[in-house]
Amino acid sequence: MTILRILEFPDPKLRIKAVPIETVDDSLRVIIDNMFETMYEALGIGLAATQVDFHKRLLVADVSSEKDDPYVLINPRIIEKDGSKVSEEGCLSVPGYFDSVKRAETVRVSFLDRGGNQQEEEMTGMLAVCVQHEIDHLDGKLFVDYLSETKRQKVRKKLHKQKRVQSDSSMVL
Ligand code: ZN
């Protein structure tokens with residue numbers, strides 16, 4: 001397997017809107033495996049294809065503490081949202097920065113799994129936050145887009161100075 005390079009904000013390639021995947025085959029599964037390897041190595045709980053410069057609608061996630069509950073979502077689509085919840089988010093493409101983002105608490109998602117089978121699942125908690133964050137990536141959107149312009153400029157300037165320290169409850173997605 002290969003560790004892929006993760007694009008970092010403000011790289012304009014992070015703004016590319018990913019296109020749907022037409023065929024789920026072995027060459028796609030190689031990319032999926034490399035994305036898992038890259039995500040686990042970077043200690044993230046989610047990774048969107050956009051972040052590794054592959055502009056197709058694919059994301060991987062694993063929010064379990066044992067790192068034994070991998071999720072592959074191909075062409076994911078949120079078909080229902082419920083509630084709202086603020087949580088502390090970070091992003092492998094915005095290293096060292098964490099902030100509060102409000103998202104739906106529960107989402108119902110339709111997607112294809114790594115075998116190309118149609119699935120539908122209700123997700124809540126960390127997984128729901130993660131999937132919403134990663135689908136944003138596929139649409140060229142970053143969690144810092146939810147912050148004020150002033151804050152975003154600060155992120156741009158201080159990105160590598162690690163101004164905010166990660167708390168126990170923050171997630172890197
Ligand atoms: Zn991210």
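Colleague: What spacing do the donors of the zinc ion follow along the chain?

Modeller: Along the chain, the donors of the zinc ion are spaced as C-x41-H-x3-H-x35-L; donors here are N, O and S atoms within 2.8 Å of the metal (3.2 Å for Na, K and Ca), and sites may look incomplete because water is not among the atoms. Please keep in mind that this is a predicted model, in which local features need pLDDT of at least 70 and side-chain atom pairs count only at pLDDT 80 or more, while totals for chains, interfaces and linings use all residues. Residues are numbered from 1 along each chain as its sequence is written, and side-chain values use heavy atoms, with hydrogens and water left out.

Colleague: OK, and which residues are the protein donors of the zinc ion?

Modeller: They are Cys91 through SG, His133 and His137 each through NE2, and Leu173 through O, at 2.1 to 2.4 Å from the zinc ion. His137 sits in helix H2 (residues 125-138) and Leu173 in the segment after strand S8 (171-172), so this pair links distant parts of the chain, 36 residues apart; helices (H or I, at least four residues) and strands (E, at least two) are DSSP runs numbered from the N terminus.

Colleague: Is His137 buried or exposed?

Modeller: His137 is buried, with a relative accessible area of 1%, and Leu173 is buried too, at 0%. Buried means under 20% relative accessible area, exposed means over 50%, and partly exposed is in between, using a 1.4 Å probe and protein chains only.

Colleague: Then what do the angles say about the site of the zinc ion?

Modeller: The four donor atoms make angles of 94 to 145°, and the site is irregular. Four donors count as tetrahedral if all angles lie between 85 and 135 degrees, while four count as square planar and six as octahedral if opposite donors are over 155 degrees apart and all others between 65 and 115; anything else is irregular.

Colleague: Changing topic, how many salt bridges does a search of the whole structure find?

Modeller: The search finds twelve, a salt bridge being a side-chain nitrogen of Lys or Arg within 4 Å of a carboxyl oxygen of Asp or Glu. One of them joins Asp139 and Arg57, with the closest N and O atoms 2.9 Å apart. That pair links distant parts of the chain, since Asp139 is in the loop between H2 and helix H3 (149-158) and Arg57 is in the loop between S1 and S2, 82 residues apart. Asp139 is partly exposed at 33% relative accessible area, whereas Arg57 is buried at 12%.

Colleague: And which salt bridges does Arg108 form?

Modeller: Arg108 meets Glu120 at 2.8 Å, N to O. Arg108 is in strand S6 (residues 106-112) and Glu120 in strand S7 (residues 118-124), so the pair ties together parts that are twelve residues apart in sequence. Arg108 also forms a salt bridge with Glu122, the closest N and O atoms being 3.9 Å apart. As for another group, salt bridges that share partners join Lys17, Arg57 and Asp139 into one network.

Colleague: Last topic, the backbone: which residues does a cis peptide bond join?

Modeller: It joins Phe9 and Pro10, with omega about 5°, and Pro10 lies in the segment before helix H1 (26-41). Elsewhere, Leu43 has a positive phi of about 60° although it is not a glycine, and Leu43 is found in the loop between H1 and strand S1 (46-48).
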